[in-house]
Each structure stands twice: as C-alpha cells, then as structure tokens.
Amino acid sequence: MKLELGYIQIKDIQFSKECKVENGTLYVDPDAVKAFMYEDDDVKAWVKDFSFDIAKPGESVRITPVKDVIEPRVKVEGPGGVFPGVINKVETVGSGKTHVLRGMAVVTAGKIVGFQEGIIDMSGPGADYTPFSKLNNLVVVAEPAEGYQDHKHEYEHAVRIAGLRAATYIGEIGRNVTPDETAEFETLGIKEGIEKYPNLPRVAYVHMLQSQGLLHDTYVYGVDAKRSLTTIINPTETMDGAIISGNCVSACDKNTTYHHQNNPVVANLFAAHGKTLNYVCNIITNENVYLADKQRSSDWTSKLCRLLDLDGALVSQEGFGNPDTDLIMNCKKIELQGVKTVIITDEYAGQDGKSQSLADADPLADAVVTGGNANEVIILPKMDKVIGTLDYVDVIAGGHAGSLRPDGTIEAELQVITGATNEMGFNRLSAR
Amino acid sequence: MSYKVVHYINQFFANIGGEEMAHVAPELREGCVGPGMALNTAWKGEAEIAATIVCGDSYFAEHEADAKKQVLDWVKEQKPDMFIAGPAFNAGRYGYACATIANAVQEELGIPVLTGMYEENPGADLKNKVLIVATANSAAGMRKAAPAMAALALKLMKGEKIGASAEEGYMPNGIRRNFFEKEVGAKRAVDMLVAKLNDKPFTTEYPMPSFDRVAPNKAIKDLSKATIALCTSGGIVPKGNPDHIESSSASHYGEYDITGVDDLTAETYETAHGGYDPVYANADSDRVLPVDVLREMEKEGKIGKLHNLFYTTVGNGTSVANAKGFAAEYAQKLLKAGVHAVIMTST
Amino acid sequence: MATMGNPRDYLILTNNPLVHRCMEGQGLYTIRLEEDKSFREILVEARDMVYAGHTLYTHPLAGSVKPNETPYKSLIVSMVPHGFDAQYGELMANALAVFDKFKPIVRELPDRVLRDFQLIDYTLLAGAIGFDAEAGLRRVQEAEGR
Amino acid sequence: MVKEIERAGIPVVHMCTVTPISMTVGANRIVPTIAIPHPLGNPALTMDEEKAIRRKLVERALEALTTEVEDQTIFEV
C-alpha cells in the first residue's frame, strides 16, 4: 500500500471571514468551523458553546486542560476520507494522496471531569517538554451543556467528535493548495517484500492502544479497541486517521490523535525501510483491564509475529500502570517466539528517581527506550494568558495540594504536561 | 575564593612504587600530587587540591579500620568542600579503597565525595552509595577521566543539580534522572533494534531491575554449637502488643526477649497481624513462632542455643521497601550478636 | 472485549459506592462494598485473597489515574479459591509497590471531583467485564429521578 | 526479608505455607508449612500431636540449614 503525503507548511494562523492558505498562513473563519462542528447531533446536544483562540510558539500562553491534539489533513486522491468510521465512512484508507497542514494543530480543551489534566505551555521551561509548543495551535475550548454531569460518556464523545470535525474542516482548506514538499510511504505484500529485500531483517511495529474505559479509549476505524482482537494494519492507514484517541488521562504518556497521525515509530521505520530493515506492517493490540484479555491479546501478538516470520518487533506503550503488564507480556512472548524486540516506555520512578520505574519487569526485556521519569518535579512559571482554565491544576495528575502557587507558578510533576514522556518515542526526553 | 579539595591516591600514583611499596601507611601531603595536577588544571582556579592523602593499597586492605580512622581525622582537620579519591581504573584494591574511603567520608563527615574507576573494578560495587565516574581500564584513560571528574566535582561543590549518568559520566546509581537525548525515542529504538538484529552491542536505557537473588550462604556444620534465631512476618508480639505494631502497613518492627520463655501461651503472646484469622495464633503463638520445640532442642543439646531475642513484623500491607529496611537492620543486629542461622516463619 | 468468564465466580471488591449503586442486582456477581477502606486497603485485601488462592480477574492498576489521586479502587477476584498462582501474587505485590512510590497527597476533594473519580473507576470495572456502564448510570439516574 | 538476612551472611530457612511466594521473595532454603493462619500447628489435633508435627517441621528446617544448596531449594516434609 502506497500513500503520498503532501506537506503544506503553516507558519501562522489568523482569524478571517475567508478560509484559505496563503504564503504559509492559514486564514480561518471560526464561525464556519463552529457551524461544521454543530452539524453533528451529539455535539449539538452536549456542547453549549465553543470559543476559539490561537496560540503560537514563544508566546506567554498556557493551554489547559487539553483533551486532544489533532493535525488537519485531507484526502485528495484514493479511497476513503480522513478519520474513517468516525467522520468519513468506513473505507480502507492509506493509499493515494493526502494533504497535511504541517506546523499546526487543532487543540481541544475544556473541562470534562473534575480532575481534567494536560498542560501545553507555549514558552518557558514547560515548552521544552511538549512537542505542541512548537506548533501554531488553533485552540477550541468547549463549554458543556446543562446537565452534562450526569452524561459524561456522551459529553466526552461530543468533544472528541467536535475536535475531529474542526480538524476535518480545516484540512479541507488545504485540498487545493500545492504542497511545499511531498513524501511517499509504501510497505509491500509479504511475498513481494521478501523478494525485494531478501537480505533485510523483517520488522513490524507492535502498537499498543489504551483501551480501558471512559477517558481511556482508542478507536480504530470507529471500533472501540477494547472490543477488538489483536490485528494487522498498514502503517499508512494510521497517517489518514484510522486510529483516533479517546484517551484523556495521564497527559504525559497518552497518545493524542496527533501522535497517531504522526507516529514517530512509523516514521523512523519508514526511514530505515529498504536500508537496514524491511518494514512489514503494524500490529495493533489493546491494553484491557480484564486479565484474561491481556493474556489473549499478548498471545495473539506473538502469534502474529511468528506468522509474519518476523526477525524483529518494536513495541510501544500507552499510559500508566497496568499497560506495563501488557508491555512485558508482549515483549516476553514475542521474544520466546525467537523474534527480537525493543520496547518503548516511560518511567514512574518517584520524585526522587529511586523507585522501581515499571510495574512489571522481565529479564527478556533487555532493550528498552525510555521517555523519561514522569514523576520528576518541574516549576512552570506564570503565563500572561491562559486558554481554558486553571481551576483543575490543583487536582490534576502530578499536581499536588498547593501546586498552584499564589504567584501563579505551578509546581507539578512532568505528568501534567501533554505528551512529555510519550511512549511512542516522540520526544528526545530520556532518563538514566 | 576557590573551593578546597582533599585528594586520596595510592602509593603507585604518588610515585612511591608499585606492588613492593603497597604496604606503606597513610601519609598526608600538602597540595596536589600526581593525578591531582590534572584536576587542578581542569578547575582553572575555581577549586584547588589543598592536601593529598597517600596510602598503600595493601595497607588499606589489611588495616582498613586504622586507615579509615586516620584518613577521616585528616579530612576532618582540613575541612574541605570536597573529597576525591582516585581514579583507580582497573586496580582492584585501589578501587576498593577509593570507594570505601569516599563512602566513609560522605557518611561520617557529610562532605560531598567522588571517585572514578573502571566498571568492572570490585570497588564499583559501591556505585549506588558513592558517585563513581566510569573510566577506561588503564591509567591511559587519565586524560579523559580527569576532566570528567573535575567537572562533576565542581558541580557538587557548587551544589548544582547533577544530570543523568549518561550525561555526566558517572555509573548508573539507581537514581533515575531525566535529560534530553540527541535523537527522539523512536529513532533510538529503531537504531537499537537494528543493532540487536545484527548482534551488535547496544545499551538498554532502562536495565530491568536485577532479579535480585542472593546466593545461599554456606550450611552450618555443627547444629549443637550453633546459635539459632527466630524471626517472623506473622506479627507475634507479647500480649497487649506493647510497641503498638500496626496490624497493617507497619512502620516499625518488634524485638523481644525470650530469655527463660519455654512456651508461648494465650496469656503471654498474641499476633498483631491483621491479614489472617488471628484466632489460632492467639490461642498458641508457637503455631507461628516455634519457641517451644526449639527450647526443647536446646535442652537436648540438639542446637547450641536459641538466640534470646526474636524479631517480628507484619507482612500484611507493609511496603516492600519498609520490610526490606527492617530486615536489613535487624540482620545486622543478629550478625553482631553472633547468630549462626535464622529460621524465618511466615503466615 | 466481552469476556467469557463465569460471573458467578466474580467477587467485586470495591470502596466505590457508585459501583454498588449501578451494578448491584444486575448480574450474577457479588459486590463487597467497603466504603471505609482506602485504595490501599482494598489492594491489600485483594492481595491477601490472592495469596490465599483466589483468582485475580482484573488488573489491580486499572486506569491511568494515579493511585495517589483517586480514593477509589475496584477490582475482581474469585468468590472461592482455585489455588495460588504466583503470577497473580506478583501482580498484586507490584501494584502495592507502585502505590507506595507515589507521594501521598493530602487534600479535601470537592464532591464533583469525587463523583468523577467514582465514575472513572466504575467505567473501568464495567468495561473489564462487559457490563454496559452507560446503561447502569441511566438506570440509577432514572431511579433517582434525574 | 529473608533475602536481607541472607545478604548479611547468615544462612536462613524460610518456613512458609505458600511456597511460590517464598520463591518470588528469593528464599534459598524453603520448608513448606501447614496453613496460613497456623503455619506450624494444626488446631484439629491435640496439643501433643500438634507439637510433634511442629517438631518435625522445625527439624526439617534445621536439616535445611545444615544442607549445602546451590539454588532455591524446597525441603518437602
């Protein structure tokens, strides 16, 4: 399957009555975006209003609480549309051409639950830890309709859909723009791949998806990942939004939709494809609460690795605590099939860095890449402007009593920062 | 004003001689000697070696207590900002001396310390207690080792936050610290996988916690001469739980004298444990802590002696770190008391 | 994934009143609600049952909410012992080790936050055994006239 | 905890009902016992019978302490 991505570099965003991209500036009409979001019945029912803001790199701006981050893309050639099974109909994506509005993102924010988390600082020390401080962000803050307290499932769903719709609408603006740069991505059929790269090791990416419940879910072509068995997906499908995030707990190591669209493991495996390895496919597997599910899913993962005659597998994780068990089960079982693994995780080693980092361990996990210790404490200075609300900072993960100081600075653990210790290896942050 | 440093080196680096001079007793010299020069150079006046202690490696090994005391006395007098030992490279006894003396200075005088040696040097066993810069395996590595040690030492003297082991060059010491790598994680992971696939060396960023096994100690030869101690995680305490050991998440352990006690009875002992049905243990605590039969065996001469103290904790909900700490502490007491073997009972 | 376990053997250990309100009487499982137990005490109770041979059905660290944030914990063990399994014992011991490494947070949580923590804990448990969490909530809301 | 005692250089025997736990905590000499609430007793028996069983278990433990082991070893009674 072959996909061409056409990158349209966005250097600035401005509100305007007209929607267009001109000389790297995105002009966007918030009312038009809003109208498009409200075309969805659930959004209509549960979101009272949306407010829009723009946050640019280097500004003294804090966005919180962040729900999701999404990159606007549009399919210009080939079957299907972006976010299949959710925004567009269920049709296999991942081939043809897709335009990407690179250098920007749609960020959804606003309260859902009382301990809502996720901070993006556009400048200062916190900005070093989140990849989203480097983007021009169109921030959409949602305000819930009356009575949402008793309907959190519906409200979460509405905000999730609203963000995807906003990104879809903005992506559409790039449909007829000539990309600044293009790149092609292609994986081959099994036999074809062996014939073309007879001497290269066969490698797949085992992509673990958070799948535990409300605010802990991931959807694949619209299917709740916890209800699916481990399966295979082409890496290019993920570039068209086949996997979306419904996860908004543990800000530092949740994978936003942006992470799924720009999966760094996929990018780096493609970079090595045909040179040092033969990139076969992605295997997606879940992280369920029920222990027999964990057993079954990891059995299935290792079974597929064997069936695909892999030499190596790269495993990434999402979230805190029990996914460590899935990660270690996957790693161990794949290794026992004779397939070599590298796993990517992050650590909770305590504020002093002295505690055991993972909730599970196995000697077969001898090749580990870490996204850093999420318990490490950071002081975030006061920002001139807050998009969203600071009401939740005292309650959010890693924040502790008194974490919002009178002078406006925040003392918290890295956990609170969106994407800080990403377990797909999105960042340079590490620990030893 | 520059920071004041005391430096510890062995007879070889002080140019006294090799193995044939390893017996020399500690000596205090003013200023820097041998490798200290390289440190001074790297500090460019910000810090300076005020005194150098030279000690023969065999002397340290054979008279550890005396050597330690002498060195500590001198260091105390000097009131330095920092104590540096070595680097010892692959010299085993020198490495052991460096790590041991640095640890003593740090613990007893509260002065920041640093040493350096090759990873496989036996002295590196102390890397979780003392900061040890990893060096090459021979003195040829001095050119790299000295600046690395000097830079890290200066940070310690200034009270600056030190970075991760990979950045600063010290051996991983069980404390995880964040830092920014040159490449993103996914790139590092792909590179690591390619290395692993090609059987090339690679270094994991998170070594799995060692499935820490302690090798079994030698069996005791003659039971009739052995002092046996009883320990339990079943929470057996004198009736009334005088030390108020919590029924779960205990914050301390109990140490009780059983001199003259031949049998634990419902009137005299009970369990403080909250995690199992206490009825049976309360009715007869020998069911958890077999004092009665061990006394019999002591009288019969089957065992030499039942140790007069027993140690008790509650397993229930006590954090692993605490439990470990308790046992490590009372194990030292047992050792000092000359106990030969322990029977540990658990519920 | 809807599971094929035997719900008659499910003993739900919980300190979360919402689990009880939404799930009591809706299935073949048994709920042991212990509201005065802490998160840690629920873990300890489960661990000791696992040590005594009960099967552990759900992961003790479900969810990404950190154990020092939420006061609620629900998990499922078997009604009767089926024999000790070291793997479950290790999971429980590790879960306690994870709990202990988080710095305790002392604070009063507002009701709305407590309710949300209850909700998340409940949906994680419900999701694990294929119980329709939304339906459970609706039933309770209707019964309470909301 | 047994590990810490072993680490201090003292041979130790772990008397424990759930031997897999004993294995996980790293005990080297293990003697399985009767039941969690009464590892070294059995309330169903008379006090004398009970003590005889206890003596047998403790003798086994002492035997373990006088036996050289290379690895984790369970001394069944």
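Residues are numbered from 1 along each chain as its sequence is written, while chains are lettered from A and ligands numbered from 1 in the order in which they are written. As this is a predicted model, local features need pLDDT of at least 70, side-chain atom pairs count only at pLDDT 80 or more, and totals for chains, interfaces and linings use all residues.

Let's look at chain B. Its mean pLDDT (the predictor's confidence in each residue, from 0 to 100) is 92, and 95% of the residues score at least 70.

Chain B has an open, mixed sheet of six strands, ordered β2-β3-β1-β4-β5-β6. Strands here are DSSP E runs of at least two residues, helices H or I runs of at least four, numbered from the N terminus; two strands pair if DSSP finds at least two bridges between them. β2 (27–30) and β6 (132–135) of chain B have a single partner strand each, so one side of each lacks a neighbour in the sheet. Inside the sheet, β1(B) and β4(B) run parallel, joined by four bridges, and B:Val6 sits opposite B:Phe83.

β27(A) pairs with β7(B) in the antiparallel sense over three bridges, and A:Leu429 has B:Phe180 as its bridge partner.

| Strands | Sense | Bridges |
|---|---|---|
| β1(B) and β4(B) | parallel | four bridges |
| β27(A) and β7(B) | antiparallel | three bridges |
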